[in-house]
Amino acid sequence: MYTADPQQASNFVAGVDLAFMIMLAVSIFFLIGLTVVMLVFIRKYRKDKHPKAIQNEGSNKLEALWTGIPLVLVLVMFYFGWMGWRPMKNPPDEAMHVKAIARMWNFRFEYENGKITDTLYVPINEPVILDLVALDVLHSLYIPAFRVKEDMVPGQEKVMWFIPGTEGEFDLFCTEYCGLEHSYMFTGVKVMPKEEFDAWIADTSAVVAVVDSETSLADQGWEVLRRNGCNACHSVDGSKLVGPSYLGGWGGTRTVVTDREEREITMDAEYVLRSVFDPNADVVQGFNKGLMLSYEGMVTEQEVELIIEYLKKLNE
Ligand SMILES: [Cu+2]
């Protein structure tokens, strides 16, 4: 996915890489230096040359030296680390905001005009502020090429910002182990020329057009499931993941727990709708409450109907 010049990918690359290279250089210097000194000493002070060990009472000069030099080195590293990190904490006042929402186990990005995507789209050379929202547990948004990473904490308002400097696609993923399908939280950032981005963002038809394209209703239902990350928890082949499989679900009966009472229920449209908007009202026996969050406001009723079309087709 790494299609562009890494040094230009964002405004933070130079600062972070400089700090990294300095630390790497210091480490390599000491690795080689210490190894050489060790080998020399092994030779110089071996037993047949130095049969009698002597007691060394210490040296204030040496003490001062090996306190002073590392102190300076550590402060140099701190300085460059700080210089690379500080600007990340100072987002500009004027910038495009995108809401980045993480949940088990996908990312979604909401733009100022309401457009929603599962890949992040940004214009080149424009500052972008991501408002980080975690709906369930700790996640962490990481874009290695941009050298940015920030934890996403439920209930905490945090931001991340950057100015993309190269067109192309870069990896974006969750880097805080957040449960079974953590590795599914893998998507990308697409950096586009400004005009192309403006045209893209203005085109909200893609959001609406889910319903009236050429594809069959069931295929559109699948698309809704894919886009919302439902498949991280629900399989199509009957295997049990975090939630029940879609297979054989529609029209079947299942035992659910409603207000601590067990009852039999048939999977009809009403039940599916309730499962999506109020998942913890009826909890399917053998599965845990509280894992599926409500998709109220994220999935429309119309989209639930498409999901149902897909479930029906799966039974055929
Ligand atoms: Cu995560």
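So, helices α1 and α2: how do they lie relative to each other? They pack at an angle of about 160°, and since anything over 145 counts as roughly antiparallel, that is what we call α1 and α2, roughly antiparallel to each other. One thing to keep in mind as I go: this is a predicted model.

Let me stay with that pair. Helix α1 covers residues 13-44, helix α2 covers residues 60-85, and their axes are 7 Å apart. The crossing of the two is left-handed. If you want to find the contact on the screen, look in α1 for Gly15, Val16, Leu18, Ala19, Ile22, Met23 and Val26. Those residues meet a set in α2, namely Leu73, Val76, Met77, Phe80, Gly81, Met83 and Gly84.

Okay, moving along the chain. Between α2 and β1, which is 96-103, there is a loop, and Pro92 lies in it. Is Pro92 buried or exposed? It has 11 C-beta neighbours inside 10 Å, so Pro92 counts as exposed; the cut-off for exposed is 12 or fewer.

β1 and β2, residues 106-111, pair antiparallel over 6 bridges. The hairpin joining β1 to β2 has 2 residues in it. To get your bearings there, find Val98, which stands opposite Tyr111 in β2. Then β2 goes on to pair with β3, residues 116-117, again antiparallel, through 2 bridges. Here Phe109 is the one to click on, with Thr117 of β3 opposite. The β2 and β3 hairpin has 4 residues between the strands, and Gly114 in that hairpin takes a positive phi near 95°.

Next, the five-stranded sheet. It is open, the pairing is mixed, and the strand order reads β4-β10-β9-β6-β7. What sits at the edges? That would be β4, 120-123, and β7, 148-152, each of which pairs on one side only. On average, neighbouring strands in this sheet are turned by 20° against each other, ignoring direction.

Zoom in on the β7 end. Strand β6, residues 139-143, runs antiparallel to β7, and 5 bridges join them. Two pairs are handy as landmarks. Leu141 has Glu150 of β7 as its bridge partner, and Ile143 stands opposite Val148 in β7. The hairpin of β6 and β7 has 4 residues between the strands, and Arg147 there takes a positive phi near 65°. As a reminder for anyone following side chains along these strands, in a regular strand they alternate between the two faces of the sheet.

Helix α3, residues 194-202, lies across β4 and β10, the latter being 186-192, and α3 runs at about 130° to β4.

Further down the chain there is another open sheet, with 3 strands in the order β12-β11-β13 and antiparallel pairing.

Last pair of helices: α6, residues 269-277, and α7, residues 301-315. Their axes come within 10 Å and cross at roughly 120°, which makes α6 oblique to α7. This crossing is right-handed. On the α6 side the contact uses Ala269, Val272, Leu273 and Val276, and α7 brings Glu301, Val304, Ile307 and Ile308.

Zooming out, then. In total the chain has 7 helices and 13 strands. Its radius of gyration is 28 Å, well over the 20 Å that the globule rule gives for 316 residues, so the chain is more spread out than a compact globule. The C-alpha trace spans about 90 × 50 × 30 Å along its principal axes. As for burial, 21% of the 316 residues count as buried. And if you take contacts with a separation of 6 or more, residues 24 or more positions apart account for 66% of them.

Methods. Residues numbered from 1 in each chain as written. Predicted model: local features only at pLDDT ≥ 70, side-chain atom pairs only at ≥ 80, totals over all residues. Pairing = 2+ DSSP bridges. Axes fitted to C-alpha atoms, helices over the stretch in contact; angles between N-to-C directions. Contact = placed C-beta atoms within 7 Å. Rg over C-alpha atoms; globule rule 2.2 N^0.38 Å. Buried ≥ 20, exposed ≤ 12 C-beta atoms within 10 Å, placed from the backbone. Parallel < 35°, antiparallel > 145°, perpendicular 65-115°, else oblique. Left-handed = near helix turned anticlockwise from the far one by under 90°.
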